[in-house]
Amino acid sequence: MAERTGPIVGVTGSSGFLGKALVAHLRGAGFEVVEYRRNVDDELNQGNVRYFDLSRAPDPEIFRGVTCLIHAAWDLRETDPLRAWGRNVEGSKRLLASAATAGIERIIFVSSMSAYFATKQDYGLMKLAIERSVLEANQIVVRPGLVYGGTPGGMAKTLSKLSSLPVIPIFRGSRLFTLHIDDFVAAVTTLVEAENVPSTVIGLANETPTPFREIMLALSQPASKSRMTLTVPWHLVLGLLRVLERMKVPLPVRSDSLLGLVRPAALVPGHDVAECLGLSFRNFAI
Amino acid sequence: MKVLIVGAGPAAAGVALALTANSDVTVQVLDIGGRLEPENDEARERMSKAVPEDWAVDDFRAISLTTVASKQHRIPEKRNFGSDFPFRNFGQLDGLRSEGGVNSRVISGAYGGFSNTWGAQAMVFSGATFDDWPFTRSDIETDYRAILRAIPYSGEVDDLAEYFPLWGSADPLPHLSEGPERVLNKYERNRLRVRRQGVILGKARLAFKGRDCVSCGLCMTGCPYSFVYSASQTFDDLVRRRRIAYTGGYVALRLGEDEGRPFVAARSLATGNTETFRADKVFVASGALGTTRLVAQSLGMWSRRIHMQESAQFLMPLLALKGIKDLTQEGTFTLNQFNVVVPFDEVGHDLVQIHGYPFNTAMTDALPAFLTLPVFRDLGAMLLRRLTVGLGYLPSWWSAGFDVSFERPGGEGQVAGATLLPSTGDDYLARQKLRAVTRRLVMVAPLLGLFPVVPQISLSAPGKSYHFGGSFPHSRTPKQSEQSDLVGRLHPWRNIHLADASVFPTVPATTFTLSIMANAHRIARSVLEDDRG
């Protein structure tokens, strides 16, 4: 597709699940995209791939030419909550301050539906803290729901693995807001392009939550309603995961992530803004 | 254009700073102008020219009187350089009485107003606070920044910046006291666990020169070096630079307009005569209650009971398991050192703030009498080593506030009588929210090493927070003489502008003097811009 005049879009976390999909979509739509990655030479501060690591103060040069920044980077390697805070929250705040100083006009922070007031999840609390800084800078926050579709990544990938167990664990009452990856990239592209977007939190997800059981069955390979499910007491699983984590046992899912599944957000925020911008999110179906 | 400012407190300073940024405005400040006693001022002056080690003992004693127990209230009344002049009646408290325990020392006649004795906390309101206001925080940001450039300012970017941006260039705070330092270190270590309970901590933001502070510990009784901001510093500077004319010794009695040209009738404290001052514009900044009375007297509001919105104060003693080494206020600063923020929503609209004060000698004076007996003195000292005094604030929409009614003045040259009454609404909601705050602090106490002394937590009497206003709140469509427009005008006036907290639509729990100054600056700036078309 031909290059178009418009914002030059920087994307942090461009090698992650959401970042990669975004970069591909934006480039396909003709945008000039600058990828920020930590797995490249740290002196790389120009061109279409530049160095950025949440654990280090960004070189102001990396923002040269960029007019819109999508911050999707998250460092999952750090499991210690304190160090995870230092890397992800402080690192993001440094990035935001640096981007603001560099005069970047629009920043879109890719948060999570785990970030909601009174969340008990560390991940949600960290995302929420960054959200506050983004909003204080009059910028935009998006909270994607459980992203599915395409090659599974993120939480959907983890759930996909769990759904391949002989007996699929189900948590009573759990219902999640879902988002197809194509709707995600389309929504963020709209936010990049739209002239006036208020500084607010916009939930990116279908407004009808999907029962966890339905999600797990749909993700199971091959998808079959006849797979056996077992409702498990989440408190027990949570306790077990925490014990195993203390024993440094490698696990497919973290206790903190489990909290996100069993205590999800109650609603999708910013529905009115999403509607004004013409964002739409399909019903869950695989 | 000739402009008259009534009052010389923080709101008046905000107006003056905006007006004097323009050279074609002639500004006169009309004020009661109560001052510190000459002997105390001389002692302060001598101390300001010496290092603490060289201070004369008599000078130190003269100006370091801490607090005086209040007959009505649990929290004692502060002293400033050993004097009660910020609270004293210079004529402004004539005819003012209170019922039901409402604090009656609520109008200052001092040059600089209550900023002579404030806690110097300078924090921008959260953006969501303005959801209840007829303009946004962006509309007032330039004014906040102008004020923060004009006053001394110390603070740091920390977790509190998630709701309260630092804005402006701030000095770092001096070294914190041992207790607060320990609490903040524990918060760093347990940040996520504390935040999970809905509690956020950060360092204080203060209107003082942190870089120059010599840590003599006298902040609470008056900084001999004038490092703690008072509005009087702004006026001293503007007078020195001949940007304003200051006229002290007048109690304003009445406002009005003659065919659109405003005037202020005021009684001279020296002669007792009433004189009339005229200008093209008048800005009224006599403090929320002083201004309300002046308006009531001018517009004859004798039958109305006017509600004052107040951000209710509460006292929350907090005890640490581990005491500080030395029970002294020397070697540190004794202003508020850290803030606890307890948000009740995501956006920072409904939140409660608690200011943590380290040890200062006023706390010794406030100990229960039995702990001062020789047999219990060690116990008293042990408690003081562990004590942090938390002064907290609830937003006005959770607080009862208080009412005021006015009676016609007794005679010519007199101010209107005023009666402060408990609000007709009760404080059930305030108590309920205070319990919710306490619960959260109890949950995080082991993580912070700081335990609320629950039986000693108490709501202060109405008016005691000094964070009140909202008698004539700003509105885009003001109701006649009940609400002011966006530049503080009440019907029928066109050139008289109320500029203090009387025009606040709400009073959030965030410390509010900085916002009073910023809003006063916004009003004056907007008036000037309108005048120039």
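Helix 4 of chain B, formed by residues 137-150, comprises 14 residues in this predicted model. From its first C-alpha to its last, helix 4 of chain B reaches 19 Å, close to the 20 Å expected at 1.5 Å a residue. Buried positions in helix 4 of chain B are R137(B), I140(B), D143(B), Y144(B), I147(B), L148(B) and A150(B). In an α-helix, residues three or four places apart point the same way, because there are 3.6 residues a turn. The packing partners of the buried residues of helix 4 are helix 1 (10-19), helix 7 (231-240) and helix 12 (513-531), which also belong to chain B.

Chain B as a whole contains 12 helices and 22 strands. The C-alpha trace of chain B extends over about 70 × 50 × 45 Å along its principal axes. Among contacts in chain B between residues at least 6 apart in sequence, 75% link residues at least 24 apart.

Between the two chains, 12 residues of chain A are in contact with 12 residues of chain B. On the side of chain A that touches chain B, two or more residues are given by each of helix 2 (81-101) and helix 3 (122-136) of chain A. Helix 3 of chain A gives the most to this side, with six residues. By class, the side of chain A that touches chain B consists of seven nonpolar, four charged and one polar residues.

Definitions and conventions. Residues are numbered from 1 along each chain as its sequence is written. Chains are lettered from A and ligands numbered from 1 in the order in which they are written. This is a predicted model: local features need pLDDT of at least 70, side-chain atom pairs count only at pLDDT 80 or more; totals for chains, interfaces and linings use all residues. Two residues are in contact if their C-beta atoms, placed from the backbone, lie within 7 Å. Helices (H or I, at least four residues) and strands (E, at least two) are DSSP runs, numbered from the N terminus. Ala, Val, Leu, Ile, Met, Phe, Trp, Tyr, Cys and Pro count as nonpolar, Asp, Glu, Lys and Arg as charged, and the others, Gly among them, as polar. The expected span of a helix is 1.5 Å times one less than its number of residues. A residue is buried if 20 or more other C-beta atoms lie within 10 Å of its own, exposed if 12 or fewer, and partly exposed in between; C-beta atoms are placed from the backbone.
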